[in-house]
Amino acid sequence: MSLTANSPSASRPAARRRKPAGLLSELLGDRPAVLATGFLLLIVFVAILVPLIVPHDPAAQALRARLDPPAWLAGGSWSHVLGTDNLGRDVLSRIMYGARTSLSISLTVCAIASTFGIAMGLIAAYVGGRTDTILMRIVDTQLSFPDLLLALTVLTVLGSSPVTVVIILSISGWMVYARMTRGIVVSARHEGYVEAAELVGCSMPRIILRHILPNIAAPLSTLLILEFARVVLAEAALSFLGMGIQPPATSWGLDIALGKDHVFGAWWLVTFPGLAIALTILSANVLAAWARVTTDPQEREKRFARTVARRSGSKRR
Amino acid sequence: MPESEMAKQADPAKRLVEFTDVSVAYDVQRAAFWHRKPPPFRAIDGVSFQIGRGETLGVVGESGSGKSTIGKALLGRAPLATGNISFDGRDISKLSGAAMRRLRRHIQPVLQDPYASLNPRMRVADIIAEPLLVHGIARGKEAEARVAQLLNLVGLPSDTASRHPGSFSGGQRQRIGIARALAVEPDFIVADEPVSALDVSIRAQIINLFRDLQQELGVAYLFIAHDLAIVRHVSHRIAVVYAGRVAEIGPRDAIYGSPQHPYTRALLDAVPIPDPARRGERRPTIRGEFGRPGDEDHGCRFAPRCPLATKICREAVPPLAAKAPGHLAACWNS
């Protein structure tokens with residue numbers, strides 16, 4: 001029985017922790033989401049504070065300490081907790097700086113792509129007619145194009161720099177926002193309360209800001225988190241292929257590319273940056289799943305029912 | 001159109017709204033360049049009437065008759081094909097943009113579905129205060145005071161203001177909708193089937209509210225409904241609409257007492273008699289399908305279903321002619 005299969009310990013702290021109001025308490029009731037948020041916050045924290053907390057200069061080479069293993073293995077030392085690479089650079093420090101690169105690129109891309117995409121979606125939905133058709137066909141055309149291939153081609157021709165990477169990833173990422181915004185706005189325009197707002201005499205900007213955009217906020221937050229994960233992965237892939245971040249700078253994808261030659265002798269060179277990428281994306285997806293359930297009243301009700309069932313099941317025992 | 005007869009309907013000095021030969025046409029399909037564009041669908045066709053200050057015109061008709069389109073045309077949300085609409089002596093049929101928004105200070109809507117017409121994410125206070133804000137009438141404390149006053153006016157407790165519409169019943173929501181419409185002190189309210197979505201038990205309350213508010217504030221209504229029993233209690237005059245045309249229009253008591261158009265008679269006969277002793281009584285009913293307005297352009301549109309139809313009914317459109325002072329019907333045989 002599913003009621004008894006759940007561990008009672010999972011529900012008890014949740015039952016006691018009902019004081020923090022609203023969203024926070026809902027988040028605290030969901031363990032995977034708590035872990036995911038915690039990990040993402042850690043990454044953000046590291047990315048911001050990296051110059052203060054980093055143990056070594058990520059570019060400092062120490063040829064005597066080449067390919068040192070992580071601290072807990074024979075031959076490792078606590079001064080290089082996650083070991084060193086083939087030039088004696090500290091793996092942990094490089095991952096910390098890599099977090100900064102990944103995060104700043106991904107967040108910039110998300111900001112540019114979502115702003116542009118939402119604007120296009122609003123225009124398509126509001127102007128309608130031919131403008132709508134043309135914009136949406138552009139979206140379709142671009143979506144049918146493999147975006148990584150497009151990015152590689154453009155970067156090969158233009159040469160690679162962080163700015164070009166941001167631009168190319170933004171160009172290949174705005175369509176989803178445009179399509180989603182258009183869909184929601186078109187359906188929201190037929191809502192009675194939007195019609196009422198128009199008839200009452202509200203101006204168009206006011207209707208969009210006060211009556212339509214609040215509908216988009218919830219699905220948009222889910223989409224933003226998912227897109228963030230996609231962009232982290234895309235940046236890592238481009239850097240791995242040598243078309244993203246270029247050497248003196250660091251990036252998780254670049255670290256893996258440099259470490260792949262030593263994968264049999266020094267597994268830690270690819271494993272730790274790889275784990276950083278994987279955990280970031282996993283956390284983002286878990287958080288997106290939580291956000292989706294939380295913003296959908298029906299799903300939320302189901303989750304609430306499950307929590308209650310679990311709680312009463314544990315009480316009965 | 002017999003213009004002189006029209007003029008008798010409302011005293012020109014007190015005339016607020018005037019429809020003159022108004023037609024609304026919708027494109028059925030967008031024209032693709034290898035197809036010819038199908039002829040536009042006329043939702044209403046040559047409709048003329050007036051409404052005076054502080055007066056209620058009830059509009060009755062079955063689904064698809066164009067009664068809602070009349071309201072939409074007045075609110076500037078229907079494309080006029082012919083004719084013009086004047087409000088307070090001013091032609092409003094060509095207004096758009098900012099001018100249209102300014103007009104909305106004087107004409108406010110009460111919508112059919114109180115469950116859809118209130119934004120679920122806004123507090124009741126913000127919903128009611130929104131017209132005040134957008135028309136620059138009041139804000140902040142002043143708007144709050146006005147909201148409290150309006151809630152009192154429509155018979156809602158003052159703690160309603162801080163809650164969201166989700167916690168109210170249909171009747172209460174419609175009261176909120178009415179309070180919003182009244183916020184800017186309009187001269188005119190278009191009520192499009194304001195009680196159709198409500199429980200029968202609370203319809204009477206809302207209808208009485210409409211009536212009381214009119215006595216108190218002198219606001220005029222276009223009150224749209226699909227059955228005669230409902231408009232009877234609020235209307236001074238009633239227009240019966242069939243297939244996009246006015247079949248009969250006149251003072252309430254004349255419409256109920258001596259209906260001139262066979263369609264009006266059929267509608268009155270369709271009102272159930274609340275008397276079990278008369279249960280077995282059979283009354284004549286009309287049969288057949290409701291013809292789409294715009295399908296045929298000659299003859300009376302009611303002719304295919306009319307028990308009185310003669311040859312002329314199928315050949316010439318009956319004019320809206322006076323049968324008694326202020327009482328007009330479009331029928332050859334009455």
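**Figure 1. Confidence of the predicted model.** Chain B has a mean pLDDT of 83, and 88% of its residues reach 70 or more; pLDDT is the predictor's confidence in each residue, from 0 to 100. Chain A averages a pLDDT of 80, with 91% of the residues scoring at least 70. For the model, ipTM is 0.80 and pTM is 0.74. The model is predicted: local features need pLDDT of at least 70 and side-chain atom pairs count only at pLDDT 80 or more, while totals for chains, interfaces and linings use all residues. Residues are numbered from 1 along each chain as its sequence is written, chains are lettered from A and ligands numbered from 1 in the order in which they are written, and side-chain values use heavy atoms, with hydrogens and water left out.

Figure 2. Over residues 1–20 of chain A, pLDDT stays under 50, and the model has 16 contacts for them beyond four places in sequence. A contact here means heavy atoms within 4.5 Å. In chain B, pLDDT stays under 50 over residues 1–10, for which there are 18 contacts beyond four places in sequence.

**Figure 3. The helices of chain A.** Chain A contains 14 helices and zero strands. Helices (H or I, at least four residues) and strands (E, at least two) are DSSP runs, numbered from the N terminus. The C-alpha trace of chain A spans about 75 × 65 × 35 Å along its principal axes.

**Figure 4. An aromatic pair within chain A.** Over all chains, the whole structure holds 10 aromatic pairs. Rings of Phe, Tyr and Trp (its six-membered ring) pair if their centres lie within 6.5 Å; planes under 30 degrees apart count as stacked, over 60 as edge-to-face and the rest as tilted. The ring centres of A:F116 and A:W174 are 5.2 Å apart and the planes stand at 75°, so this pair is edge-to-face. Because A:F116 belongs to helix α5 (residues 91–127) of chain A and A:W174 to helix α9 (residues 174–189) of chain A, the pair ties together parts that are 58 residues apart in sequence.

**Figure 5. The area buried between chain A and chain B.** Chain A brings 15 residues to the contact and chain B brings 21 residues. About 1700 Å² is buried between the two chains, 57% of it from carbon and sulfur atoms. Buried area is the accessible area (1.4 Å probe) that two parts lose on being put together, summed over both. A:Y193, A:L199 and A:V200 supply 38% of the area that chain A buries against chain B, more than any other three residues.

**Figure 6. A salt bridge between the chains.** Three salt bridges are counted between chain A and chain B, each a side-chain nitrogen of Lys or Arg within 4 Å of a carboxyl oxygen of Asp or Glu. In one salt bridge, the side chains of A:E198 and B:R77 meet at 2.6 Å, N to O. On the side of chain A that touches chain B, α10 (192–200) and α11 (204–240) of chain A each supply at least two residues. The most comes from α10(A), with seven residues.
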